[in-house]
Amino acid sequence: MINVIKVLHDTTVDGPGFRTSIYCAGCRHRCPGCHNQQTWAFGSGTDRSTDDLLQEILADPFADVTFTGGDPLFQAEGFAELAARIKATSDKTIWCYTGFRYEELLHNTAAQQLLKHVDVLVDGRFVQDLRDEDLLFRGSSNQRLVDVPRSRREGHVVPWQREGL
């Protein structure tokens with residue numbers, strides 16, 4: 001089960017192309033200036049099964065997937081199960097937003113189970129003083145777009161690069 005605030009279809013702000021974004025409930029980071037403060041409270045959403053979410057995601061064959069919130073890493077087990085099922089049944093890319101840094105997640109078993117299936121991790125807390133509206137897919141300049149498969153293979157953070165640039 002995943003506690004979900006909302007599922008937003010065909011959004012273009014949570015990663016490249018059209019995406020189905022799952023906004024989860026719960027975040028302890030509480031970044032000043034966060035644009036999703038309504039997602040901070042744990043349990044404030046609706047419990048949804050991974051089966052139910054998977055069917056909703058697969059109903060749109062053209063949209064990729066983004067996990068956001070709140071912070072999906074506070075529900076890593078549920079998101080790991082959902083991500084594994086998405087990858088097993090489709091060729092959709094998965095992006096995940098978190099206030100944690102990639103390096104903080106390396107020794108967390110539940111986080112690692114999720115990261116095995118994530119293509120791009122947008123990591124780091126939002127910092128109001130570093131806010132930059134011109135950044136691609138993130139809010140402050142300390143946040144990174146991490147190419148997770150390459151980072152896992154190479155043993156260090158590899159920045160994601162948009163294809164064709």
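These questions and answers cover salt bridges and backbone angles in a predicted model.

Colleague: How many salt bridges does a search of the whole structure find?
Modeller: Side chains of opposite charge can pair when their charged atoms come close. Arg48, Asp52 and Glu56 are linked in a network of such bridges. For the whole structure, the search finds nine.

Colleague: Is arginine 19 buried or exposed?
Modeller: Buried means under 20% relative accessible area. Arginine 19 has 0%, so arginine 19 is buried.

Colleague: Which arginine forms a salt bridge with aspartate 123?
Modeller: Aspartate 123 is buried, at 0% relative accessible area. This aspartate is in strand 6, and its partner is in strand 7, 21 residues apart. The closest N and O atoms are 2.6 Å apart, and the partner is arginine 144.

Colleague: Aspartate 51 and arginine 85 also meet in a salt bridge. In which helices do they lie?
Modeller: Their N to O distance is 2.3 Å. Aspartate 51 is partly exposed at 43%, and arginine 85 is partly exposed at 29%. The two residues are 34 apart in the chain, in helix 1 and helix 2 respectively.

Colleague: What is the phi of arginine 30?
Modeller: Arginine 30 lies in the loop between strand 2 and strand 3. The residue is not a glycine, yet its phi is positive, about 45°.

How values were computed: Residues numbered from 1 in each chain as written. Predicted model: local features only at pLDDT ≥ 70, side-chain atom pairs only at ≥ 80, totals over all residues. Heavy atoms only, no water. Helix = DSSP H or I, 4+ residues; strand = E, 2+ residues; numbered from the N terminus. Salt bridge = Lys/Arg side-chain N within 4 Å of Asp/Glu carboxyl O. Buried < 20%, exposed > 50% of the residue type's maximum accessible area, 1.4 Å probe, protein only.
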